[in-house]
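Subject: Structure for your review

Dear colleague,

Please find below the structure that I am handing over to you, followed by an account of what was found in it.

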Amino acid sequence: MSQVTKIDQIETLILDIPTIRGHVLSMATMRTQTAVLVRVRFADGSEGIGEGTTIGGLSYGAESPESIKSAIDTYITPALVGRNGDDVNGAIQLVDKLVKGNRIAKAAVEIALWDGLGKRLGVSVAQLFGGAVHERLPVAWTLASGNSETDIAEALQMIETRRHNIFKLKIGKRDVKDDVAHVARIKQAVGDAASVRVDVNTAWSLQDARWGLKGLQDAGCELVEQPVPARYRRAMAELAAGYEIAVMADEALNGPEDALEVASSKAADVFAVKVAQSGGLKRASEVIAIAQAAGLGLYGGTMLETGLGTAAALQLFATIERLDWGTEFFGPLLLTDEILANPIAYRDFCVEIPKGVGIGATLDADKIAFFRRDGGRTLKAVAGA
């Protein structure tokens, strides 16, 4: 084993960054995004950075920022320190053997390993996955204030400034008929100038979803994301077969094993592929391959990562030939401040793939120092209503 590329140290810290507005989900309202930053230092002096981020604390999934940090510090780091830093696949396989679940924690470390390898080789992470075929990708914006007039004004401004013309509405907190009416008002306001989709975040029963999909389809909505709980695959299959509106799986996809089950049970028309939820860039690439083999649509999903995690995801999705449903890599735009020295560029309804080696991201040291939780600042991340 080369002494030069050994993993010397893995550090984690938690960042708390306010959002520009309340981000209303079916299970919580986010006012702060919390990210776990990972730094992997190698014996040759090189460094890789990664990010692990979830949504809404524990209200969304089984991992929290605190559990992500703990899993890395207590279990993943001791297993990897001293190993060959160039052997990313070996690290992935070892961690999968020693640590069950904890996909976001695994993804954060893996991103840092790919970043470090790319920097040492002088290439982008996209090149490590076969090479980028896109320089930019369509990017959606989520309308999640919960107020129709506010969302309409926001959407029209985004269209006018050519920042977004794909909108995903967060619904599921209200009665189905009220949610459908809300979506219909927004679709009527934007007309053919924009694509309108919705994300229910598992909030509906099958009966609600039957009425909901019919109403959304009639309103001109194009896609509904995870209308029922992830475990209800038979219900998802019924909905996908019963309506013209596309049904997209999200929470149902936690790595390639889930992807295979969803595809084989015909429980979705589209996969929302998230790097963190998949367990890392490599596992996300496997989820993508399953969707491609099954003839399903692809959509680049987000856990509302900062610019760091967003840059990593863009490196992977830049290598995918067809993304019929675009992406939602808008996470940095939802935050009040940027943690990258060179922010990701958004223009002409697209997000641009970061240039440079590794994931193409460099941290702003002053911003990291300001937003790190152990610096003494305290922010409330979510509210229940």
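Please keep in mind that this is a predicted model. I begin with the cysteines. C350 is buried, with a relative accessible area of 11%. C221 is buried too, at a relative accessible area of 6%. Both values fall below the cut-off for burial, because buried means under 20% relative accessible area. A search for disulfides across the whole structure returned zero.

**The chain as a whole**

The protein chain contains 14 helices and 14 strands. Its C-alpha trace spans about 65 × 45 × 35 Å along the principal axes. How does the radius of gyration agree with that of a compact globule? For 385 residues, such a globule would have a radius of gyration near 21 Å, and the protein chain has 20 Å, so the two agree. Of the 385 residues, 58% count as buried. Among contacts with a separation of 6 or more, 74% are between residues 24 or more positions apart.

Strand β13 covers residues 350-352 and pairs with β12 in the antiparallel sense over two bridges. Within β13, V351 is the bridge partner of Y346.

**Aromatic rings**

A pair of aromatic rings is described by the distance of the centres and the angle of the planes. How many aromatic pairs does the model hold? The count comes to four. One of them joins W141 and F330, whose rings lie 5.1 Å centre to centre with 65 degrees between the planes, an edge-to-face arrangement. This pair links distant parts of the chain, as its members are 189 residues apart. W141 belongs to strand β5 (residues 141-143), while F330 lies in the loop between α12 (307-317) and α13 (331-334). Are these two residues buried or exposed? Both W141 and F330 are buried.

The rings of F370 and F371 also form a pair: their centres are 5.0 Å apart and their planes stand at 85 degrees, so this pair is edge-to-face. F370 is partly exposed, with a relative accessible area of 46%. F371, in contrast, counts as buried at 3% relative accessibility.

**A buried aspartate**

Where is D250 found? D250 is in the loop between β9 (246-249) and α9 (256-264). Why does D250 count as buried? The reason is that its relative accessibility is 0%, and buried means under 20%. Leaving aside residues up to four places away in sequence, D250 touches Y60, E225, Q226, A272, K274 and Q277.

Yours sincerely,
A colleague

Note on methods
Residues are numbered from 1 along each chain as its sequence is written. This is a predicted model: local features need pLDDT of at least 70, side-chain atom pairs count only at pLDDT 80 or more; totals for chains, interfaces and linings use all residues. Side-chain values use heavy atoms; hydrogens and water are left out. A disulfide is a pair of cysteine sulfur atoms within 2.5 Å. Buried means under 20% relative accessible area, exposed over 50%, partly exposed in between (1.4 Å probe, protein chains only). Two strands pair if DSSP finds at least two bridges between them. Helices (H or I, at least four residues) and strands (E, at least two) are DSSP runs, numbered from the N terminus. Rings of Phe, Tyr and Trp (its six-membered ring) pair if their centres lie within 6.5 Å; planes under 30 degrees apart count as stacked, over 60 as edge-to-face and the rest as tilted. Contact means heavy atoms within 4.5 Å. The radius of gyration is taken over C-alpha atoms; the globule rule is 2.2 Å times the number of residues to the power 0.38.
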